[in-house]
Number of protein chains: 2
Amino acid sequence: MSDSRSEGPTRREAATARRREQILEAALARFVENGYHQTGVRDIAERAGVSVGNVYNHFPSKHHILVEVAELERIEFDRFRRLLAPSDPPASETLHRFVSEYVTFLATPENLILAIELTSEAIRQPDIGELFVANREGLAASLTSVLERGVETGELRADLDASGTARLILELVEGAAYRSLLGDNPVQRIIDDVSGFVSAALRKG
Amino acid sequence: MSDSRSEGPTRREAATARRREQILEAALARFVENGYHQTGVRDIAERAGVSVGNVYNHFPSKHHILVEVAELERIEFDRFRRLLAPSDPPASETLHRFVSEYVTFLATPENLILAIELTSEAIRQPDIGELFVANREGLAASLTSVLERGVETGELRADLDASGTARLILELVEGAAYRSLLGDNPVQRIIDDVSGFVSAALRKG
DNA sequence: CCATATTGAGCGAACGCTCGTTCAGTGTAA
DNA sequence: TTACACTGAACGAGCGTTCGCTCAATATGG
């Protein structure tokens, strides 16, 4: 009764949207648990508490589910972009905080495993690849402006290639996080290693 | 007639070994082309010019084929370990040569794709994971001694954590190479970026 | 040195399953 | 009454693996 007129979603539409999200979350969980190719649509349906057929009422194909899962990652990435947004503290401090947060994020197995799963799918599925690259580029762009700011204030090496360096830092963090998963190194050590390496590479000298 | 006595492999054994290698090479090619899970045993057999059944005369399972493919990678890695073996030139020069060669190797799509495929399988298949870690550790160890040598001769920062730094360098190279695949950046630029970043991080100051 | 027995590489149909996807039918909110 | 979320059986294709079989290369006994 309340909001059926004009805008607001009806009870039914709300329920539908909730179902969709349930399925998406179930898919995410299964992809992390068993990998994309090892996960069947039946697994997703079961985990979501829904029939196989109904999955196809909400998504046109298994592939599209993966695409939407990949889009979920972008939302996570926006958090890190906000962390890198223009602000007062010196660049090196912002940088350290970012490295710390990003490593911590990727050191959580489910986040890292999803990233690797997407990395691997991105090679052969163009739309996943594009999403993946776009995400990375956005993050790299934010990081680049932090570095540029650091160069301007004279805090960092003047001859720094901000854009290239930003990408290298991302790769450093991601690689280090992967190592922490397979070799289960403590997260704090990874953070310190990476931070130390990065600040050594960026300092004036 | 020649060597049937005592040791040497008979004609038959030689042919068998050759077939085995054919199948292995076919599998490698298919895994790179289409990915491990998207490749069927029939695809491997077809590419090798052999029947499905015969594949199972040479390998107990598809999984074991992957394991042997992963072992092939170690042979490649040995090449880089030799490059890092104790020698005369200054550490920074050895380092630069290594970075250059390793990036070039990984910038070849088939090498990188195989590495990613294995990375992704290593998460859920323990034996692949162990092989993978062992390979990386070996390379990291060789790189570590180069760095240690550089510290001893006073060429590199004295407070360097050689072991941790070695691993970071490897991750940097691998990450950068992956970026070159998805964004097709020129190899030489990647080499220069990485080399510059690394030498900045390691130099005294 | 020949005749014969043994081996195991090689084949491809077939097995039991799981896959992604479809669809006729049902119940319920609008 | 209409629209549609929802179900689950069914489909055809493909999966990894096994099977009974053939046949050339090898080992063995005379």
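A: Within 4 Å of the protein, 48% of the atoms of DNA strand C belong to sugar or phosphate, and the rest belong to bases. Keep in mind that this is a predicted model, where local features need pLDDT of at least 70, side-chain atom pairs count only at pLDDT 80 or more, and totals for chains, interfaces and linings use all residues. Residues are numbered from 1 along each chain as its sequence is written, chains are lettered from A and ligands numbered from 1 in the order in which they are written, and side-chain values use heavy atoms, with hydrogens and water left out.

By class you get four nonpolar, eleven polar and seven charged residues (Ala, Val, Leu, Ile, Met, Phe, Trp, Tyr, Cys and Pro count as nonpolar, Asp, Glu, Lys and Arg as charged, the others, Gly among them, as polar).

As for helices (DSSP runs of H or I, at least four residues, numbered from the N terminus), α1 (11–34), α2 (41–48) and α3 (52–58) of chain A each supply at least two residues here, and so do α1 (11–34) and α3 (52–58) of chain B. The largest share, four residues, comes from α3(B).

Now the bases. Arg12(B) puts a side-chain N or O atom 3.4 Å from a base oxygen.

Then there's the chain pairing. Contact (heavy atoms within 4.5 Å) takes in 43 residues of chain A and 42 residues of chain B. Together the chains bury about 3400 Å², 64% of it on carbon and sulfur atoms (buried area is the accessible area, 1.4 Å probe, that two parts lose on being put together, summed over both). Arg124(A), Leu168(A) and Phe197(A) supply 20% of what chain A buries against chain B, more than any other three residues.

The interface also has six salt bridges (a side-chain nitrogen of Lys or Arg within 4 Å of a carboxyl oxygen of Asp or Glu). One of them joins Arg179(A) to Glu171(B), with the closest N and O atoms 2.3 Å apart. On the chain A side, α8(A) gives the most, twelve residues.

Note on methods:
A residue is near a molecule or strand if one of its heavy atoms lies within 4 Å of it. A polar contact is a pair of N or O atoms within 3.5 Å; within protein, one must be able to donate a hydrogen and the other to accept it, and residues adjacent in sequence count only if both atoms are side-chain atoms.
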